[in-house]
Amino acid sequence: MDCMLGIELEPVGEGTWRLRWDDTFTSSLVRVYVGGTPATIDRRQPCANSAHAEVEISGLAGFVRPYFELVPAQGSPLVVGPRQVLLAGGVNFRDLGGYLAAAGRRVSWGRLFRSGHLSRLTAADQTQISTLDIRTVCDFRMAEERLSEDGALQCEPRVVTLGIPPGLKDRFYFHRLFEQTDDPAVIIEAVHEVLRSMVEESAARYAQLFEVLLAAPSGNILMNCSAGKERTGVGAALVLMALGVTRATILYDFCLSRQYYPAALELPRALAKYEVAPRPGRDVNALMEPLLVTRASYLECVFASIDARYGSDADFLQQALGVGPAERAHLQQLFTQ
């Protein structure tokens with residue numbers, strides 16, 4: 001259950017999807033409409049009528065990613081879609097849509113995406129991504145990472161490189177740390193320091209992200225880095241913050257990387273990236289766990305840093321990123337509905 005929406009959406013067979021909801025959304029009967037994109041939902045005829053709490057909808061094999069509009073007998077309609085973009089070779093690729101934003105609006109589905117590296121995409125993955133109409137990619141990886149994790153999209157979006165080191169000041173921070181320690185607690189605190197530095201030392205890069213968003217490029221936008229968890233996680237958090245999403249919801253989205261990032265599968269890549277070698281008495285799995293599994297404290301320390309230095313989210317957005325009231329209103333116009 002997506003606890004921030006009160007709705008669960010999952011595929012249960014070829015062309016069949018199950019929708020469940022709780023009283024967070026509604027306790028009344030619901031009509032359901034479907035479309036291949038949020039903009040093409042067919043509202044002429046419901047695909048389910050008078051549904052209560054759960055419904056399975058079949059005959060959707062023609063939709064790569066179906067989007068549903070739920071219209072309760074009592075309450076406001078809600079558009080929902082699959083949060084995760086299911087890709088055989090994708091990492092942590094998901095949609096930021098649906099979250100409650102400022103003035104009772106919601107983040108638009110299918111407009112803002114976030115992901116990890118794209119270096120193992122299959123031909124079918126490339127085909128699916130091409131249906132998302134992603135025309136701009138904001139890539140937070142450094143040049144060396146892009147070389148080793150090459151994942152050019154066949155849809156040929158514009159790529160805006162916003163390189164942020166995966167460590168303090170340079171990309172070899174964790175290399176040095178793994179040479180010096182076998183203690184996972186040291187790595188956890190190091191991740192805290194790295195996340196704090198993203199607010200304080202990488203603000204200019206995130207300001208560039210907002211310049212891209214405010215320019216209202218055609219098509220949809222993807223933010224990505226190697227894992228799609230920390231640098232992208234902070235970027236997504238700041239975008240949601242500017243759209244008026246609550247901190248609790250932002251933290252919820254950040255922690256979804258626990259669910260969508262394949263930590264066990266990514267362990268070999270992380271070991272190679274940071275040149276972590278086995279040695280007597282070293283538990284490599286435990287040592288790498290802080291970099292592979294997302295903790296709530298990673299984003300909470302970002303919030304604490306904002307509070308300590310700026311006093312409020314609004315002051316941080318304006319002073320550090322140049323996103324004042326007018327810019328926030330424009331972003332809300334572009335990316336919420």
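Is arginine 171 buried, exposed or partly exposed, and what is its relative accessible area? Arginine 171 is partly exposed, at a relative accessible area of 27%. (Buried means under 20% relative accessible area, exposed over 50%, partly exposed in between, with a 1.4 Å probe and protein chains only.) This is a predicted model: local features need pLDDT of at least 70, side-chain atom pairs count only at pLDDT 80 or more, and totals for chains, interfaces and linings use all residues. Residues are numbered from 1 along each chain as its sequence is written, and side-chain values use heavy atoms, with hydrogens and water left out.

**Salt bridges overall**
- The count is 29 salt bridges, each a side-chain nitrogen of Lys or Arg within 4 Å of a carboxyl oxygen of Asp or Glu.
- One network of salt bridges links Glu8, Glu10, Arg18, Arg20, Glu54 and Glu56.

- Arginine 18 and glutamate 56 form a salt bridge, N to O 2.7 Å.
- This pair joins strand E2 (residues 16-21) to strand E5 (residues 54-57), 38 residues apart.
- Arginine 18 is buried at 17% relative accessibility; glutamate 56 is partly exposed at 45%.
- Glutamate 54 bridges to arginine 20, with the closest N and O atoms 3.3 Å apart.
- Here, too, E5 is linked to E2, across 34 residues.
- Glutamate 54 is partly exposed at 41%, and arginine 20 is partly exposed at 26%.

**Arginine 171 and helix H2**
- Arginine 171 forms a salt bridge with glutamate 144, at 3.6 Å between the closest N and O atoms.
- Arginine 171 sits in the loop between strand E11 (158-161) and helix H3 (173-180), and glutamate 144 in helix H2 (residues 143-148), 27 residues apart.
- Glutamate 144 is partly exposed at 36%.

Definitions and conventions:
Helices (H or I, at least four residues) and strands (E, at least two) are DSSP runs, numbered from the N terminus.
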